[in-house]
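User: I am new to this structure. Please take a close look at the salt bridges and walk me through them.

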Amino acid sequence: MISSKMINLLKNDIQVTFTSQWKKFIPIVIIGLLGCFQLLLNDRSMAVTPGFINYLTYFFEGIEPFIVVDANTIFKIPAIWLFLHLYIFYLIVDYPIQDMKMIGKETFVRVGNRRIWWVSKCLTTIMIVLISYIVLLLTVLLFTLFSGGEILKSVSRSSSDLILAVLILPFVTSCCVGFFQLSISLLYRSMLSFLGVVVVLVMSVYFIHPLLFGNYLMLLRNQLLLQGGVVTSEGFILAAVIGIAGYSIGHITIKKLNIY
Amino acid sequence: MELEVINVTKIIDKKTILDNVNLKLKGGRIYGLRGKNGAGKTMLFRLMSGLILPTEGQVLIDGEELGKEISFPRSIGILIENPGYIPNFSGFKNLKMIGNIKGIIGDEKILDTMELLDLDPYSKKKVKKYSLGMKQKLGVAMAVMEDPDLILLDEPINALDEASVKIVHDLLQKHKKRGALILVASHDREELNLLADEILVMENGKLIGVE
């Protein structure tokens, strides 16, 4: 009974996401196109047109560590990288809040168990991150096709490490930070949890530190490309700690939460 | 169906919203809840529905304590404050989504309930384009369509014309006959006199009398 209600809730979330909330994924397409154009224009001087992997990597490479050389050193923010991740974090926190405003009360009393609602929202978080990544991948794939770039090279051992660092780690990190964001939204306000993410992401651009999760979202900070950079496996551990903490806080909070 | 509120106090931000409320209500009756704005009617409904938990005291639904043995009443329909909808869905689709959660009613029941409330179930019109009265009736439909044992309606005839008020009243009488416990909150004494078997009066978070 419990699991059937959870599945029904998830089905509802999927239905609402695809039929009512789909417009919210358009900015991902726009960010995707902007990033692809930026790389294409930057790499015009190169003999070879960028391929699918080049474009994709561009969204997750971030920026090299910030080092102050002299007084004229400028702190640069990797805009496309930041917008992409911030927008995904915004989507994560936006849907449950919208859901609460729309049919939240009616849903809660029918689910009959507060914790089922929480688990279903965590699953929805994973779904939103997954859809965001699929939308980005499709945008990049179509851009590559239209720009005449190479779609797929044979995947070597090092490439699979790269995929782990470029796609899987950011995906897992986004989901886990999303759980934490949601739990803070239940306790305080969604804006506060979102601002927290903004601060950590900007700090991650400024500082390279294994506890700032933004560093694991940047390939250029990974040990694969940077000596002394962050380690992929440690990124998974940090994501797991954040995810478990977020899930547990939400699990405890929802039990006593006043729903207005 | 029996609902019991025992010595319930609710304090939010150091403000006492409900003050030592005691109630015992039985199924097959319509209870009115009258009080001015801010008297605590909506908060009492939230408490009875399990959406908020008491600071002190207990709410028992058929002997089971809300927040301890059960999170929410096992069979409940609510219309509390502004009814919530997915604005881009039609009325029928909204009800179907809500109905899908429990999965105890089919399309037929939704169609019947909408027709009883004079709403066109086949209309493709999105809820965001509904009039206030239509939204209110859809909220009532949402609350009653699953034939719940407990129905809580907060100002259900807000924005309804005379004909629609009669439709809602007749519908509630039908649910009363099948044994549902119905609570209707309103600041309108006349409406409650017409509808309710018993009227509970609230003031400043306290239950001050029964009419």
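Analyst: A definition comes first. A salt bridge here is a side-chain nitrogen of Lys or Arg within 4 Å of a carboxyl oxygen of Asp or Glu. The model is predicted.

Start with one pair in chain B. The side chains of B:Asp170 and B:Lys166 form a salt bridge, 2.9 Å from N to O. Both residues belong to helix H5 of chain B, residues 162–177. They sit four residues apart, about one turn of the helix. B:Asp170 counts as partly exposed because its relative accessibility is 38%. B:Lys166 reaches 52%, so this residue counts as exposed.

Side chains of opposite charge can pair when their charged atoms come close. By the salt-bridge rule, the count over all chains is 14.

A:Asp13 pairs with A:Lys121, with the closest N and O atoms 3.0 Å apart. A:Asp13 is in helix H1 (residues 2–19) of chain A, and A:Lys121 is in helix H5 (residues 114–147) of chain A, so the bridge ties together parts that are 108 residues apart in sequence. Are these two residues buried or exposed? Both A:Asp13 and A:Lys121 are buried.

Back to chain B. B:Glu64 and B:Arg74 also meet through their side chains, at 2.6 Å from N to O. B:Glu64 lies in strand S5 (residues 64–65) of chain B, while B:Arg74 lies in the loop between S5 and strand S6 (76–79), so this pair links parts ten residues apart in sequence. B:Glu64 has a relative accessible area of 22%, so this residue is partly exposed. B:Arg74 has 56%, which means exposed.

Salt bridges can also join into a network. B:Lys109, B:Asp147 and B:Arg178 are linked in this way.

Other charges gather without such a bridge. Patch residues have over 30% relative accessible area and no salt bridge. B:Glu108, B:Asp112, B:Glu115 and B:Asp120 make a patch of negative charge on the surface. One of them, B:Asp112, is found in helix H3 of chain B, residues 107–116. B:Asp112 counts as partly exposed because its relative accessibility is 41%.

Chain A has a surface patch too, but a nonpolar one. A:Trp22, A:Ile26, A:Ile30 and A:Leu34 make this patch of about 390 Å². A:Leu34 is placed in helix H2 of chain A, residues 26–42.

Notes:
Residues numbered from 1 in each chain as written. Chains lettered and ligands numbered in written order. Predicted model: local features only at pLDDT ≥ 70, side-chain atom pairs only at ≥ 80, totals over all residues. Heavy atoms only, no water. Patch = residues over 30% accessible without salt bridge, like charges linked within 9 Å, V, L, I, M, F, W, Y side chains within 5 Å. Areas by Shrake-Rupley, 256 points an atom, 1.4 Å probe, with all protein chains shown as cover. Lys, Arg positive; Asp, Glu negative; His and termini not counted. Charge placed at Lys NZ, Arg CZ, Asp CG, Glu CD. Helix = DSSP H or I, 4+ residues; strand = E, 2+ residues; numbered from the N terminus. Buried < 20%, exposed > 50% of the residue type's maximum accessible area, 1.4 Å probe, protein only.
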